[in-house]
Amino acid sequence: MTRSEARELAFILMFEKTFTDDSFEEIIEKAAEGRELSLDRFAAELAQGTYSHLGELDELISKNSQNWKISRISRVALSALRVAVYEMLYEKNIPRSVSINEAIELTKKFATPEDASFVNGVLGAVEKSLPPEEQKNTK
């Protein structure tokens, strides 16, 4: 599985989470049963890390999405934003520009060009608000 495919899988799991109060483990279990889902290590870490930091990620997204409440952001855009912001904060070996580009591409694939522009703008603002890349957080 490529990194892009792993990101897409993590994104899909986060998207599914927006529809249910099930635990993340239950979402993965149901996806495995219904779609024969198999997560590689990177996809699992990305999805679980994103889920584990939802409050922090949503706060950062909210601060940088000028006049948009989390509840008004489309589920596709929000899921892409969450995964990308998690990567930008915690994945030391992934340049932020890659995380931003991958989120934009996912949003283009699953939503509208307007959503992709919105995601680009929010992630650009998030990037500017963060310390230099070499000082990323630890998981």
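Modeller: This is a predicted model. A search of the whole structure turns up one cavity of 30 Å³ or more. The largest cavity holds about 30 Å³ of space. Its lining consists of Arg-7, Ala-80, Val-83, Ala-84, Glu-87, Ser-99, Glu-102, Ala-103 and Leu-106. Two elements, α5 and α6 (96-110), each give two or more residues to that lining. By class, the lining has five nonpolar residues, one polar and three charged.

Start with helix α5, residues 75-90. One of its neighbours is α1, which spans residues 3-17. The axes of α1 and α5 lie 9 Å apart, and the two helices pack at an angle of about 125°. The pair is therefore oblique. The crossing of α1 past α5 is right-handed. On the α1 side, the contact uses Arg-7, Ala-10, Phe-11, Met-14 and Phe-15. On the α5 side, it uses Arg-75, Val-76, Ser-79, Ala-80, Val-83 and Glu-87. Seven of these contact residues are nonpolar, one is polar and three are charged.

Now compare the names. Arg-7, Ala-80, Val-83 and Glu-87 take part in the contact of α1 with α5. Arg-7, Ala-80, Val-83 and Glu-87 also line the largest cavity.

Next, follow α5 to α7, residues 113-129. The axes of α5 and α7 come within 10 Å and cross at roughly 25°. An angle under 35 degrees counts as roughly parallel, so α5 and α7 are roughly parallel to each other. α5 passes α7 in a right-handed crossing. From α5, the contact draws on Ala-77, Leu-81, Ala-84, Val-85 and Met-88. From α7 come Phe-118, Val-119, Val-122, Leu-123, Val-126 and Glu-127. Ten of the residues in this contact are nonpolar, none is polar and one is charged. Ala-84, part of this contact, is also in the cavity lining.

Last, go back to α1 and look at its packing on α2, residues 24-35. The axes of α1 and α2 come within 10 Å and cross at roughly 115°. That makes the two helices roughly perpendicular. α1 passes α2 in a right-handed crossing. The α1 residues in the contact are Ile-12, Leu-13, Met-14, Glu-16 and Lys-17. The α2 residues are Phe-24, Ile-27, Ile-28, Ala-31 and Arg-35. This contact has seven nonpolar residues, no polar ones and three charged. Met-14 touches α2 here, and Met-14 also belongs to the contact of α1 with α5.

Conventions: Residues numbered from 1 in each chain as written. Predicted model: local features only at pLDDT ≥ 70, side-chain atom pairs only at ≥ 80, totals over all residues. Heavy atoms only, no water. Axes fitted to C-alpha atoms, helices over the stretch in contact; angles between N-to-C directions. Helix = DSSP H or I, 4+ residues; strand = E, 2+ residues; numbered from the N terminus. Parallel < 35°, antiparallel > 145°, perpendicular 65-115°, else oblique. Left-handed = near helix turned anticlockwise from the far one by under 90°. Contact = heavy atoms within 4.5 Å. Nonpolar A, V, L, I, M, F, W, Y, C, P; charged D, E, K, R; others polar. 1 Å grid on protein atoms, 1.4 Å probe; cavity = no way out; pocket = protein on both sides within 12 Å on 5 of 7 lines; lining within 4 Å. Points joined across faces, edges and corners; volume = space filled by probe spheres on them.
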